Amino acid sequence: NKYFVTIKYLILRPGVLLREYYSGTRKKFLNPFAFLTICMAINLFVFNSFDEEYISVMNDFNESQINWYAETLGGPFADPEFKTEQLNKSTESSKFMLKYFNIMVILLLPIYTLIAFLVYRKPYNYAEHIVANCYIQGYSFLTTSLIFFIAIWVHPSLFLLIYPLLIFYYTYVYGRLYKLAIGQSILKVILFLLILVGVGLAVGLIFLLLIAFGYIFAALSS
C-alpha cells in the first residue's frame with residue numbers, strides 16, 4: 001500500500017510528499033531508498049526479460065538517427081561500413097547498460113543530487129535533495145519501463161519520448177517542491193542541464209587525457 005500511495009503522490013502531489021517527508025510525516029510513504037530499489041529492480045527485470053527486444057529497439061532507434069544524418073549531412077554517415085560499425089557499437093553499449101545499470105545509477109545519483117543542490121539551494125540541504133532524487137529516479141525507472149513497452153508494441157522511435165518526459169518530470173517535481181513559477185522552473189532546469197553537460201564533458205576530457213598520458217608513459221617506458 002505504501003508503494004502505491006507513494007506513486008500516487010509522486011504523480012499528483014510530489015511537493016506535498018517531499019515536504020511531509022522532510023517534516024517527519026513518513027509513515028504513509030515508502031522510504032525513498034526502498035522505493036528507488038524496488039523501481040530499479042522492476043526496470044532491470046523488464047529490460048533483462050526482454051533483453052533482445054531492448055537491444056532491437058535501441059538499434060532501430062540508432063539506425064533511424066544514422067539514416068537521418070545520412071540524408072541530412074551525408075559524408076561518413078552515408079557509408080554502409082560506418083553505419084554497420086555504429087550499429088555494432090550500439091549493440092555493445094546496450095549490453096553494457098543492461099549489465100551495469102544498477103552500478104551506474106548508484107554512481108550517478110550523488111552527481112545529480114549535487115547539481116540539484118547547487119541549482120535549487122536553500123532551504124533544503126544535500127541529504128534532503130538525495131531524498132528527492134531517489135523518488136525522482138525511482139519514478140523515472142517506472143516511466144522508462146512503460147515507454148519501453150510502448151516502443152516495442154508501436155514503434156522504436158517512441159523510446160525517444162523518454163528524454164523530454166524525464167526532463168519535464170524533474171522540472172515538475174522541483175517546481176512543486178519550491179513552489180516556482182513556470183518561467184523559474186524552466187530557467188532552473190536549463191541551468192541544471194547545462195551543468196550536467198559541462199560535468200559530462202569535463203569527465204570525458206579527463207578520461208581522454210588519462211588515456212593519452214597512459215600512451216605517452218608506455219612509449220617513454222619502452
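Pro 14, Gly 15, Val 16, Leu 17, Leu 18, Tyr 21 and Tyr 22 are the buried residues of helix H2, where buried means under 20% relative accessible area with a 1.4 Å probe and protein chains only, and where a helix is a DSSP run (H or I) of at least four residues, numbered from the N terminus. This is a predicted model, in which local features need pLDDT of at least 70, side-chain atom pairs count only at pLDDT 80 or more, and totals for chains, interfaces and linings use all residues. Residues are numbered from 1 along each chain as its sequence is written, and side-chain values use heavy atoms, with hydrogens and water left out.

Because 7 of the 10 residues of H2 (residues 14–23) are buried, this helix is largely enclosed by the rest of the structure. Its buried residues pack against helix H1 (2–12), helix H3 (32–49), helix H6 (126–153) and helix H7 (162–178), with contact meaning heavy atoms within 4.5 Å. Just after H2, Gly 24 takes a positive phi of about 110°.

## The largest pocket

A pocket is an open set of points on a 1 Å grid over the protein atoms alone, with protein on both sides within 12 Å along at least five of seven lines, and its lining residues have an atom within 4 Å of a point. The largest pocket has a volume of about 1,100 Å³, a volume being the space filled by probe spheres set on the points, which are joined across faces, edges and corners. Of its 33 lining residues, Leu 108, Tyr 112, Gln 137, Tyr 163 and Leu 166 are the closest to its centre. H5 gives the most to this lining, with 11 residues.

Technical notes:
Buried means under 20% relative accessible area, exposed over 50%, partly exposed in between (1.4 Å probe, protein chains only). Helices (H or I, at least four residues) and strands (E, at least two) are DSSP runs, numbered from the N terminus. On a 1 Å grid over the protein atoms alone, a cavity is a set of points where a 1.4 Å probe fits but cannot get out, and a pocket is an open set with protein on both sides within 12 Å along at least five of seven lines; lining residues have an atom within 4 Å of a point.
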